[in-house]
Amino acid sequence: MKNYLITLAALSLTLMSCNNQKQAKTVTLGPNPFITHMYTADPSAHVWEDGRLYVYASHDIDPPRGCDLMDRYHVFSTDDMVNWTDHGEILNSSQVSWGRKDGGFMWAPDCAYRNGTYYFYFPHPSGDDWNNTWRVGIATSKHPAKDFTVQDKYIDMIGMEDDCFAMIDPCVFVDDDDQAYFYYGGGGRCVGAKMKDNMMELAEPLRAMEGLKDFHEAAWVHKKDGMYYLSYADNHAENGKGANRLNYATSNSPLGPWTYQGVYLEPTGCDTSHGSIAEYNGEWYAFYHNCSISGRGNLRSICADKLYYNPDGTIKVVEQTK
(Lines give C-alpha, C1' and ligand atoms only; values in the text may rest on other atoms or scores of the structure.)
Protein backbone atom coordinates (compact mmCIF):
# COMPACT_ATOMS: atom_id res chain seq x y z
CA MET A 1 0.00 0.00 0.00
CA LYS A 2 2.83 2.40 0.89
CA ASN A 3 4.52 1.86 -2.49
CA TYR A 4 1.16 2.30 -4.21
CA LEU A 5 0.57 5.62 -2.47
CA ILE A 6 4.08 6.81 -3.35
CA THR A 7 3.47 5.84 -6.97
CA LEU A 8 0.17 7.74 -7.00
CA ALA A 9 1.83 10.78 -5.44
CA ALA A 10 4.64 10.67 -7.99
CA LEU A 11 2.12 10.32 -10.81
CA SER A 12 0.14 13.27 -9.44
CA LEU A 13 3.27 15.44 -9.25
CA THR A 14 4.21 14.39 -12.78
CA LEU A 15 0.77 15.33 -14.08
CA MET A 16 0.91 18.66 -12.24
CA SER A 17 4.34 19.32 -13.71
CA CYS A 18 3.15 18.44 -17.19
CA ASN A 19 0.08 20.62 -16.80
CA ASN A 20 2.19 23.53 -15.57
CA GLN A 21 4.59 23.06 -18.47
CA LYS A 22 1.69 22.88 -20.87
CA GLN A 23 0.18 26.07 -19.45
CA ALA A 24 3.52 27.89 -19.71
CA LYS A 25 3.86 26.84 -23.33
CA THR A 26 0.30 27.67 -24.36
CA VAL A 27 0.10 31.25 -23.03
CA THR A 28 -0.90 33.18 -26.13
CA LEU A 29 -0.65 36.84 -27.07
CA GLY A 30 -3.14 38.88 -29.00
CA PRO A 31 -2.51 39.81 -32.63
CA ASN A 32 0.33 42.13 -33.66
CA PRO A 33 0.34 45.07 -33.80
CA PHE A 34 -1.56 45.22 -30.51
CA ILE A 35 -2.53 48.90 -30.90
CA THR A 36 -4.37 49.53 -34.17
CA HIS A 37 -6.63 52.58 -33.67
CA MET A 38 -3.69 55.01 -33.93
CA TYR A 39 -0.07 54.93 -35.05
CA THR A 40 2.42 54.33 -32.25
CA ALA A 41 6.15 53.69 -31.97
CA ASP A 42 9.06 53.30 -29.55
CA PRO A 43 7.32 51.20 -26.86
CA SER A 44 8.76 51.46 -23.34
CA ALA A 45 7.31 48.64 -21.21
CA HIS A 46 7.17 48.50 -17.40
CA VAL A 47 5.34 46.52 -14.74
CA TRP A 48 4.26 48.68 -11.81
CA GLU A 49 3.03 47.98 -8.31
CA ASP A 50 -0.61 47.58 -9.32
CA GLY A 51 0.34 44.42 -11.22
CA ARG A 52 -0.42 45.78 -14.68
CA LEU A 53 2.04 46.10 -17.55
CA TYR A 54 2.23 49.62 -18.98
CA VAL A 55 3.61 50.70 -22.34
CA TYR A 56 4.66 54.31 -22.90
CA ALA A 57 4.76 55.06 -26.61
CA SER A 58 5.40 57.89 -29.01
CA HIS A 59 2.74 58.81 -31.57
CA ASP A 60 3.19 59.02 -35.33
CA ILE A 61 0.95 61.76 -36.70
CA ASP A 62 -1.04 60.88 -39.84
CA PRO A 63 -0.34 62.24 -42.42
CA PRO A 64 3.34 62.36 -41.45
CA ARG A 65 6.11 64.67 -42.51
CA GLY A 66 9.22 62.70 -41.71
CA CYS A 67 9.18 62.22 -37.95
CA ASP A 68 9.14 65.89 -36.98
CA LEU A 69 5.38 66.09 -36.36
CA MET A 70 5.45 63.46 -33.58
CA ASP A 71 3.98 65.59 -30.83
CA ARG A 72 2.29 63.64 -28.03
CA TYR A 73 2.48 60.57 -25.83
CA HIS A 74 -0.07 57.90 -24.96
CA VAL A 75 0.00 55.14 -22.33
CA PHE A 76 -1.44 51.66 -22.80
CA SER A 77 -1.81 48.91 -20.20
CA THR A 78 -2.85 45.27 -19.89
CA ASP A 79 -3.28 42.55 -17.29
CA ASP A 80 -3.32 39.63 -19.72
CA MET A 81 -1.12 40.64 -22.71
CA VAL A 82 -4.19 40.37 -24.95
CA ASN A 83 -6.60 43.14 -24.01
CA TRP A 84 -5.17 46.66 -23.90
CA THR A 85 -6.49 49.89 -22.39
CA ASP A 86 -5.61 53.22 -23.99
CA HIS A 87 -5.28 55.67 -21.09
CA GLY A 88 -5.13 58.55 -23.51
CA GLU A 89 -2.67 61.34 -24.09
CA ILE A 90 -0.48 62.21 -21.11
CA LEU A 91 1.76 64.90 -22.60
CA ASN A 92 2.34 67.05 -25.69
CA SER A 93 4.90 69.64 -26.69
CA SER A 94 2.68 72.64 -25.88
CA GLN A 95 3.17 71.79 -22.19
CA VAL A 96 6.98 72.06 -22.39
CA SER A 97 7.90 75.62 -21.41
CA TRP A 98 11.53 75.30 -22.47
CA GLY A 99 10.80 73.53 -25.79
CA ARG A 100 11.03 74.78 -29.37
CA LYS A 101 8.20 77.15 -30.26
CA ASP A 102 7.04 75.06 -33.26
CA GLY A 103 6.55 71.92 -31.17
CA GLY A 104 6.89 68.45 -32.65
CA PHE A 105 9.87 66.17 -32.08
CA MET A 106 8.47 64.28 -29.10
CA TRP A 107 10.38 61.07 -29.72
CA ALA A 108 10.99 57.84 -27.79
CA PRO A 109 10.22 58.19 -24.04
CA ASP A 110 10.74 56.15 -20.89
CA CYS A 111 9.27 56.02 -17.39
CA ALA A 112 10.57 55.10 -13.93
CA TYR A 113 9.06 54.83 -10.44
CA ARG A 114 10.40 55.69 -7.02
CA ASN A 115 8.78 56.37 -3.63
CA GLY A 116 5.27 56.93 -4.90
CA THR A 117 6.17 59.09 -7.92
CA TYR A 118 6.29 58.21 -11.60
CA TYR A 119 8.98 59.99 -13.62
CA PHE A 120 8.36 60.29 -17.34
CA TYR A 121 11.44 61.09 -19.46
CA PHE A 122 11.16 62.46 -22.98
CA PRO A 123 13.52 63.96 -25.59
CA HIS A 124 12.63 67.31 -27.10
CA PRO A 125 14.64 70.12 -28.74
CA SER A 126 14.95 73.45 -26.95
CA GLY A 127 15.51 75.45 -30.17
CA ASP A 128 14.76 75.68 -33.88
CA ASP A 129 18.10 74.02 -34.69
CA TRP A 130 16.46 70.86 -33.47
CA ASN A 131 19.17 68.24 -33.94
CA ASN A 132 21.72 70.38 -32.09
CA THR A 133 19.43 71.32 -29.21
CA TRP A 134 18.09 68.01 -27.93
CA ARG A 135 17.25 67.94 -24.22
CA VAL A 136 15.69 65.33 -21.97
CA GLY A 137 12.69 66.63 -20.06
CA ILE A 138 10.87 65.15 -17.07
CA ALA A 139 7.20 65.01 -16.14
CA THR A 140 6.03 63.63 -12.80
CA SER A 141 2.81 62.12 -11.47
CA LYS A 142 1.42 60.10 -8.59
CA HIS A 143 -0.29 57.90 -11.18
CA PRO A 144 1.23 55.73 -13.91
CA ALA A 145 -1.03 56.93 -16.74
CA LYS A 146 -2.46 60.38 -15.93
CA ASP A 147 -1.90 63.77 -14.31
CA PHE A 148 1.71 64.25 -15.42
CA THR A 149 3.22 67.69 -14.77
CA VAL A 150 6.18 68.83 -16.86
CA GLN A 151 9.10 70.14 -14.82
CA ASP A 152 10.42 73.57 -15.75
CA LYS A 153 13.94 72.31 -16.40
CA TYR A 154 15.58 69.48 -18.28
CA ILE A 155 18.34 67.10 -17.15
CA ASP A 156 21.79 68.69 -16.92
CA MET A 157 23.99 66.30 -18.90
CA ILE A 158 27.15 66.54 -16.83
CA GLY A 159 30.20 66.43 -19.06
CA MET A 160 28.15 66.81 -22.25
CA GLU A 161 26.27 70.06 -21.66
CA ASP A 162 27.30 71.51 -25.03
CA ASP A 163 27.41 68.26 -27.00
CA CYS A 164 23.81 67.21 -27.52
CA PHE A 165 23.83 66.60 -31.29
CA ALA A 166 21.44 63.71 -32.07
CA MET A 167 21.36 62.63 -28.40
CA ILE A 168 17.88 61.16 -27.91
CA ASP A 169 16.02 58.10 -26.55
CA PRO A 170 16.37 58.34 -22.76
CA CYS A 171 16.30 55.15 -20.70
CA VAL A 172 16.24 54.97 -16.90
CA PHE A 173 17.01 51.66 -15.20
CA VAL A 174 16.47 51.21 -11.45
CA ASP A 175 18.63 48.42 -10.02
CA ASP A 176 17.77 46.00 -7.21
CA ASP A 177 19.50 48.27 -4.67
CA ASP A 178 17.25 51.17 -5.78
CA GLN A 179 20.11 52.98 -7.52
CA ALA A 180 18.88 54.57 -10.76
CA TYR A 181 20.95 54.86 -13.94
CA PHE A 182 20.37 57.11 -16.92
CA TYR A 183 21.26 56.21 -20.52
CA TYR A 184 20.75 57.93 -23.85
CA GLY A 185 22.40 58.36 -27.21
CA GLY A 186 22.23 58.77 -30.95
CA GLY A 187 24.43 59.30 -33.95
CA GLY A 188 26.69 56.42 -32.95
CA ARG A 189 27.14 57.44 -29.30
CA CYS A 190 25.72 55.82 -26.17
CA VAL A 191 26.42 57.20 -22.70
CA GLY A 192 25.25 56.53 -19.17
CA ALA A 193 25.61 57.66 -15.56
CA LYS A 194 24.23 57.20 -12.05
CA MET A 195 21.30 59.39 -11.06
CA LYS A 196 20.66 61.21 -7.82
CA ASP A 197 17.84 60.03 -5.57
CA ASN A 198 15.60 62.84 -6.85
CA MET A 199 15.48 61.06 -10.25
CA MET A 200 15.90 64.42 -12.00
CA GLU A 201 19.66 64.95 -11.85
CA LEU A 202 22.76 62.99 -12.73
CA ALA A 203 25.08 62.11 -9.86
CA GLU A 204 28.21 62.00 -12.00
CA PRO A 205 29.51 62.85 -15.48
CA LEU A 206 28.20 60.76 -18.36
CA ARG A 207 30.55 58.07 -19.63
CA ALA A 208 30.70 56.16 -22.90
CA MET A 209 29.18 52.69 -22.90
CA GLU A 210 32.17 50.66 -24.07
CA GLY A 211 31.97 47.42 -26.04
CA LEU A 212 28.89 48.09 -28.17
CA LYS A 213 28.99 47.28 -31.87
CA ASP A 214 27.42 49.59 -34.50
CA PHE A 215 25.29 51.55 -32.02
CA HIS A 216 22.71 53.85 -33.62
CA GLU A 217 20.02 54.71 -31.05
CA ALA A 218 17.29 53.25 -28.78
CA ALA A 219 19.27 52.26 -25.67
CA TRP A 220 17.36 50.03 -23.23
CA VAL A 221 18.71 48.31 -20.10
CA HIS A 222 17.22 45.41 -18.20
CA LYS A 223 18.54 42.82 -15.75
CA LYS A 224 18.03 39.06 -15.51
CA ASP A 225 19.69 36.57 -13.15
CA GLY A 226 22.30 39.11 -12.09
CA MET A 227 23.31 39.97 -15.66
CA TYR A 228 22.77 43.40 -17.20
CA TYR A 229 21.58 43.68 -20.80
CA LEU A 230 21.91 46.82 -22.94
CA SER A 231 19.89 46.58 -26.14
CA TYR A 232 19.85 49.08 -28.99
CA ALA A 233 19.22 49.69 -32.68
CA ASP A 234 22.05 49.38 -35.20
CA ASN A 235 22.68 50.96 -38.63
CA HIS A 236 21.85 47.88 -40.71
CA ALA A 237 20.53 48.47 -44.24
CA GLU A 238 19.11 46.22 -46.95
CA ASN A 239 19.16 47.06 -50.67
CA GLY A 240 20.38 50.54 -49.85
CA LYS A 241 17.53 51.27 -47.46
CA GLY A 242 17.53 51.45 -43.68
CA ALA A 243 16.53 48.21 -41.98
CA ASN A 244 17.69 48.58 -38.40
CA ARG A 245 17.96 45.54 -36.16
CA LEU A 246 17.90 45.35 -32.37
CA ASN A 247 21.23 44.22 -30.91
CA TYR A 248 22.31 43.60 -27.34
CA ALA A 249 25.35 43.42 -25.11
CA THR A 250 25.84 42.09 -21.58
CA SER A 251 27.81 43.09 -18.51
CA ASN A 252 28.18 42.35 -14.80
CA SER A 253 27.92 46.10 -14.16
CA PRO A 254 25.09 48.50 -15.08
CA LEU A 255 27.57 50.89 -16.72
CA GLY A 256 29.70 48.29 -18.48
CA PRO A 257 32.08 47.63 -20.04
CA TRP A 258 29.80 45.61 -22.27
CA THR A 259 30.31 42.42 -24.24
CA TYR A 260 28.54 42.44 -27.60
CA GLN A 261 26.29 39.38 -28.04
CA GLY A 262 24.48 39.83 -31.36
CA VAL A 263 21.07 40.56 -32.85
CA TYR A 264 17.85 39.58 -31.06
CA LEU A 265 15.33 41.25 -33.38
CA GLU A 266 15.71 41.23 -37.15
CA PRO A 267 14.35 44.12 -39.29
CA THR A 268 10.62 44.70 -38.89
CA GLY A 269 9.90 46.35 -42.23
CA CYS A 270 10.69 49.87 -41.01
CA ASP A 271 13.94 51.69 -41.53
CA THR A 272 14.00 52.35 -37.77
CA SER A 273 13.80 49.92 -34.89
CA HIS A 274 13.18 50.66 -31.24
CA GLY A 275 12.27 48.25 -28.48
CA SER A 276 12.13 47.34 -24.82
CA ILE A 277 12.27 44.12 -22.83
CA ALA A 278 10.16 43.35 -19.75
CA GLU A 279 9.15 40.40 -17.58
CA TYR A 280 5.48 39.95 -16.78
CA ASN A 281 3.90 37.11 -14.79
CA GLY A 282 7.03 34.99 -15.10
CA GLU A 283 7.49 35.36 -18.85
CA TRP A 284 9.72 37.71 -20.83
CA TYR A 285 8.52 39.85 -23.72
CA ALA A 286 10.10 41.93 -26.46
CA PHE A 287 8.29 45.12 -27.46
CA TYR A 288 9.02 46.82 -30.77
CA HIS A 289 7.33 48.56 -33.69
CA ASN A 290 6.67 47.71 -37.33
CA CYS A 291 4.75 49.32 -40.20
CA SER A 292 2.57 46.36 -41.18
CA ILE A 293 -0.65 48.41 -41.03
CA SER A 294 0.44 51.46 -43.01
CA GLY A 295 3.29 50.12 -45.13
CA ARG A 296 5.11 53.38 -44.32
CA GLY A 297 8.15 53.63 -42.09
CA ASN A 298 6.97 56.82 -40.42
CA LEU A 299 3.50 55.46 -39.59
CA ARG A 300 4.39 52.71 -37.18
CA SER A 301 2.56 50.36 -34.82
CA ILE A 302 3.72 48.72 -31.59
CA CYS A 303 4.01 44.96 -31.18
CA ALA A 304 4.90 42.40 -28.50
CA ASP A 305 6.31 38.89 -28.76
CA LYS A 306 7.75 36.40 -26.34
CA LEU A 307 11.46 36.57 -25.57
CA TYR A 308 13.48 33.46 -24.74
CA TYR A 309 16.93 33.05 -23.21
CA ASN A 310 19.47 30.31 -23.73
CA PRO A 311 20.92 28.53 -20.65
CA ASP A 312 24.04 30.71 -20.88
CA GLY A 313 21.97 33.88 -20.66
CA THR A 314 22.15 34.85 -24.31
CA ILE A 315 18.90 35.83 -26.05
CA LYS A 316 17.28 33.86 -28.83
CA VAL A 317 16.22 35.75 -31.94
CA VAL A 318 12.60 36.85 -31.51
CA GLU A 319 9.99 35.24 -33.70
CA GLN A 320 7.92 38.14 -35.01
CA THR A 321 4.24 37.18 -35.12
CA LYS A 322 1.45 38.82 -37.06
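**Core packing and annotated residues in a predicted model**

Excluding residues up to four places away in sequence, Tyr-183 touches Asp-169, Pro-170, Cys-171, Phe-173, Val-191, Gly-192, Met-209, Ala-219, Val-221, Pro-254 and Leu-255, contact being defined as heavy atoms within 4.5 Å. The model is predicted, and local features need pLDDT of at least 70, side-chain atom pairs count only at pLDDT 80 or more, and totals for chains, interfaces and linings use all residues. Residues are numbered from 1 along each chain as its sequence is written, and side-chain values use heavy atoms, with hydrogens and water left out.

Tyr-183 belongs to the largest nonpolar core, which has 33 residues; together with Leu-212, Leu-230, Tyr-264 and Leu-307, Tyr-183 touches the most other members. A nonpolar core is a set of buried Ala, Val, Leu, Ile, Met, Phe, Trp, Tyr and Cys residues joined through side-chain atoms within 4.5 Å; buried means under 20% relative accessible area, exposed over 50%, and partly exposed in between (1.4 Å probe, protein chains only). At least two residues of this core are supplied by each of β9 (168–174), β10 (180–186), β13, β14, β17 (246–251), β18 (259–265), β20 and β21 (301–307). Strands (E, at least two residues) and helices (H or I, at least four) are DSSP runs numbered from the N terminus. The largest share of the core, five residues, comes from β14. A second, separate core comprises 19 residues, including Tyr-121, Met-157, Met-160 and Met-199.

According to the unreviewed UniProt entry, the annotation "active site" covers Asp-62 and Glu-217; UniProt positions are given in the numbering used here, feature names are shortened, and annotations may be inferred rather than shown by experiment. The two residues are spread over 156 residues of sequence and are also spread in space, up to 23.6 Å between C-alpha atoms. Of these residues, Glu-217 is included in the lining of the second largest pocket. On a 1 Å grid over the protein atoms alone, a pocket is an open set of points where a 1.4 Å probe fits, with protein on both sides within 12 Å along at least five of seven lines, and lining residues have an atom within 4 Å of a point.

Glu-217 is placed in strand β13 (residues 217–224) and is buried, with a relative accessible area of 14%. Beyond residues up to four places away in sequence, Glu-217 touches Ile-168, Asp-169, Gly-185, Tyr-232, Ala-233, Thr-272 and Ser-273. Asp-62, by contrast, lies in the loop between β2 (53–59) and β3 (72–78). Leaving aside neighbours within four places in sequence, Asp-62 is in contact with Tyr-39 and Leu-299. The peptide bond from Asp-62 to Pro-63 is cis, with omega near 5°.

Ala-57 stands opposite His-74 in β3. An open sheet of four strands has the order β1-β2-β3-β4, with antiparallel pairing. Because β1 and β4 (85–92) each have a single partner strand, they stand at the edges, and one side of each is left without a neighbour in the sheet.

A further cis peptide bond joins Asn-32 and Pro-33, with omega about -10°; Pro-33 is found in the loop between α1 (2–26) and β1 (40–47). Asp-225, although not a glycine, has a positive phi of about 55°. Asp-225 is found in the loop between β13 and β14 (227–233) and is exposed, with a relative accessible area of 73%.

Key. Two strands pair if DSSP finds at least two bridges between them.
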